[in-house]
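I opened my notebook to look up a few spots in this structure. Here is what I wrote down, entry by entry.

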Amino acid sequence: MNYSLKAELDNCYSYADSLDNDGYGARQKCGIKTREMLQFDLLQFLAYLSSQDTAELSLEIQFIREYLNQHFTTDRFRNFKYERTTGCFATTPPRSLTYFVQGDLARSKTSSTAVYRARDYVRTFKLIGQEFIACNKQTDDREISRLTGYCMMLDSYLKSMNLYANDPSPLLNKYNALPQADTATTVPGQTTVSIDQPNAKGVDELLEELNSMTGLDSVKKDITNLVNLLKIKKLREENGMKQPSVSLHLVFSGNPGTGKTTVARLLANIYKGLGILSRGQLVEVDRGGLVVGYIGQTAVKTNEVIQSALGGILFIDEAYTLTAGKGENDFGQEAVDTLLKAMEDHRDDLIVIVAGYPDLMEQFLSSNPGLRSRFNKFIKFEDYSGEELMNIFESMCSKQEYKLDPEARKYASEYWTERALNHDETFANAREVRNFMESAISKQATRIVSMDNIDVATLETLTKDDLID
């Protein structure tokens, strides 16, 4: 056992207990000891790093038993991995870390010499991650990239909360892999915090990035007009002139996979560049991340999310689900009431974007006069055309170093034209393209794996047979 690592863990556990004792921890908010929450977050982290090789799991399970006192069989640990580390896990700060951060921020207000324990927390994750992926003596690039990417996310989160006086230290010079974070998606009940990287882009560069996206012509026009208005508003302010009233809260209406979250993330950075927001992070959440099924707790949970979004954009996906249930035991309205109050209390440093299907978003706004008055600007995200879907598919192929042979390109073009013209309400636009791409890669692998001689051309070429269901 590495006793230095054990000491780091014990130090974090002790601070977690002090958070509960001083009223900053999870125990007061959700009835769970911060120590227990930290231990579970560490367990999820190690499961996320875990090797795909079944033969190696025994050493990893032994490591978890020694350092976290958790006992698993191979099957149970494998199931835990798949259940707990999918979706947006890799881009979401651990819940226990948010309590360490809250404690640090609170104590820094009363003491100029307060020690930031959240830094110790992140260092402990780095140390245990390094020891864990080395325990089976067969570290691979996937494990290294996951460790590096996850720890960079933790560093970025602390930076966004101003808890690093200087740039955070990298992993302890043990690995030099570049981060390759998993694709993030919204998972019910989870909150995703997207943090800027150190080299922030300028407003004009961000607008160029927006304009380079496939399709979304009306969205690009609306965002550009809004940004131009804000630029002029700022110039008038600098010249002592009256300011036009501009509502920055937005409704993004459109079907799934039309780029709503991507545009919201760009807009958060644009607002930060214009000086409208202090931090520019995007906090993405759905009903499951706001509503609790018993009286009084929904407001607490919603306020926690709002606090994490101050200085940035709170993006609520499928917002209409907050008001869809009118039963006695539905607490969605409590979340709405808490949100409306926060929008008033923090109107200078919080922007809220609500998103969802067009018709259902109209019903959502009509459910409460306060919603209608605060969300008066709509940006509509149209479904992609067949040509645009094909462009997205070819872009995905290029980024992953695949090429379509002539028959495959012809088939794909006809396929996306047909899908754009004839689909039901569940069609998910760019997400459909991603699923199509993943399926094609899998079929290609099955087709070529048994070949005697596999050259680069074979590895990079997708054929028509790879695309057909």
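I looked up Asp345 to begin with: at 46% relative accessibility, Asp345 counts as partly exposed, while Lys341, at 54%, counts as exposed. For these words I used under 20% relative accessible area for buried, over 50% for exposed and partly exposed in between, with a 1.4 Å probe and protein chains only. The side chains of Asp345 and Lys341 meet in a salt bridge at 2.6 Å, N to O; the term asks for a side-chain nitrogen of Lys or Arg within 4 Å of a carboxyl oxygen of Asp or Glu. The two lie about one helical turn apart because they are 4 residues apart in helix H14 (residues 332-345). Helices are DSSP runs (H or I) of at least four residues and strands (E) of at least two, numbered from the N terminus.

I kept in mind that this is a predicted model, where local features need pLDDT of at least 70 and side-chain atom pairs count only at pLDDT 80 or more, while totals for chains, interfaces and linings use all residues. Residues are numbered from 1 along each chain as its sequence is written, and side-chain values use heavy atoms, leaving out hydrogens and water.

Next I checked Lys231, whose side chain meets that of Asp204 in a salt bridge (3.2 Å, N to O). This pair links distant parts of the chain, with Lys231 in helix H10 (residues 217-238) and Asp204 in helix H9 (residues 203-211), 27 residues apart.

How many salt bridges does the structure hold? I noted 15. Glu8, Arg117, Asp120 and Arg123 are linked in a network of them.
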